[in-house]
Amino acid sequence: NGQLGDGSASGESSPVEVSGLPRASDLAAGEDHTCAVLHNGQIQCWGRGREGQLGDGDTANKRLPVKVKGIANAVQVEAAGNHTCALLKSGTVECWGANDDGELGTGDEQMRTRPSQVKSVTDVIEIGVGQHHSCAITRIREAFCWGLNDDGQLGDGSTNQSNTPVAVQ
């Protein structure tokens, strides 16, 4: 799917340089896509884009890095199987990609090919994403999660899916 970012779709047994990627400060590898926070706060992603997880506005695979639309001040990026989230300098979180289980935290289950702000969570200092859920830690050390919860992965004491952040108990 091009997740190595070298312009090909073939596997490599030794490291390859990502083509045209400027200096990066953070990197995240999902199942079939990869993303990097650049030194200027922009994000570039490459690989499989079928569910919009590259954030460039479409659903095509990209073998070379493409700019995520609308992100200019990211400090962290996290990639899962079919979605991606970014922590911005402002302490807000934006996510994009598949959203079948509410893993984008936008209050609905609509796929997004561009970043959308996670509802009701601010002052975030760290994020993490799983296959179908996402989580954030705030400055005052509160944890919030959203998305699929069939195994209790949101930590709220239930197994109810949540399309918006819920406090971890």
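These legends accompany several close-up views of one predicted protein model.

In this predicted model, local features need pLDDT of at least 70 and side-chain atom pairs count only at pLDDT 80 or more, while totals for chains, interfaces and linings use all residues. Residues are numbered from 1 along each chain as its sequence is written, and side-chain values use heavy atoms, with hydrogens and water left out.

**View 1**
The secondary structure comprises zero helices and twelve strands, where helices (H or I, at least four residues) and strands (E, at least two) are DSSP runs numbered from the N terminus. Read from the N terminus on, the elements therefore follow the pattern β-β-β-β-β-β-β-β-β-β-β-β. The radius of gyration, which is taken over C-alpha atoms, is 15 Å, close to the 15 Å that the globule rule gives for 169 residues, so the protein is as compact as a globular protein of that length. That rule is 2.2 Å times the number of residues to the power 0.38. Along its principal axes, the C-alpha trace spans about 45 × 30 × 30 Å. Of the 169 residues, 49% count as buried; buried means under 20% relative accessible area, exposed means over 50%, and partly exposed lies in between, with a 1.4 Å probe and protein chains only.

**View 1. The open sheet E5-E6-E7-E8.**
Four strands form this open sheet in the order E5-E6-E7-E8, with antiparallel pairing; two strands pair if DSSP finds at least two bridges between them. Strand E5 (74–79) and E8 stand at the edges, each with a single partner strand, so one side of each is left without a neighbour in the sheet. From one strand to the next, the twist averages 20 degrees, using axes that are lines fitted to C-alpha atoms (for helices over the stretch in contact) and angles from 0 to 180 degrees between N-to-C directions. Within the sheet, strand E6 (residues 83–88) and E7 are joined in the antiparallel sense over five bridges, and Leu-87 stands opposite Val-93 in E7. Strands of a sheet pair through backbone hydrogen bonds, either parallel or antiparallel.

**View 2. Asn-99 in its loop.**
Asn-99 sits in the loop between strand E7 (93–97) and strand E8 (112–117), and because its relative accessibility is 0%, Asn-99 counts as buried. Its side chain makes a polar contact of 3.4 Å with the side chain of Thr-106; a polar contact is a pair of N or O atoms within 3.5 Å, and within protein one must be able to donate a hydrogen and the other to accept it, while residues adjacent in sequence count only if both atoms are side-chain atoms. When residues up to four places away in sequence are not counted, Asn-99 touches Leu-104, Gly-105, Thr-106, Asp-108, Glu-109, Gln-110, Met-111 and Arg-112, where contact means heavy atoms within 4.5 Å.

Strand E9 (residues 124–129) and strand E10 (residues 133–138) pair in the antiparallel sense over five bridges, and a hairpin joins E9 to E10 through three residues. In E10, Ile-137 is the bridge partner of Glu-126, and Ser-134 is the bridge partner of Val-129. E10 also pairs with strand E11 (residues 143–147) in the antiparallel sense over five bridges, with Cys-135 standing opposite Cys-145 in E11. The hairpin of E10 and E11 has four residues between the strands, and in this hairpin Arg-141 takes a positive phi near 70 degrees.

**View 3. Asp-6 ahead of the strands.**
Asp-6 is found in the segment before strand E1 (24–29), and because its relative accessibility is 22%, Asp-6 counts as partly exposed. The side chains of Asp-6 and Ser-8 are joined by a polar contact of 3.0 Å. Leaving out residues up to four places away in sequence, Asp-6 touches Glu-12, Val-16, Glu-17, Ser-19, Arg-63 and Leu-64. Asp-6 and Trp-46 are 40 residues apart in sequence, and their C-alpha atoms are 9.5 Å apart in space.
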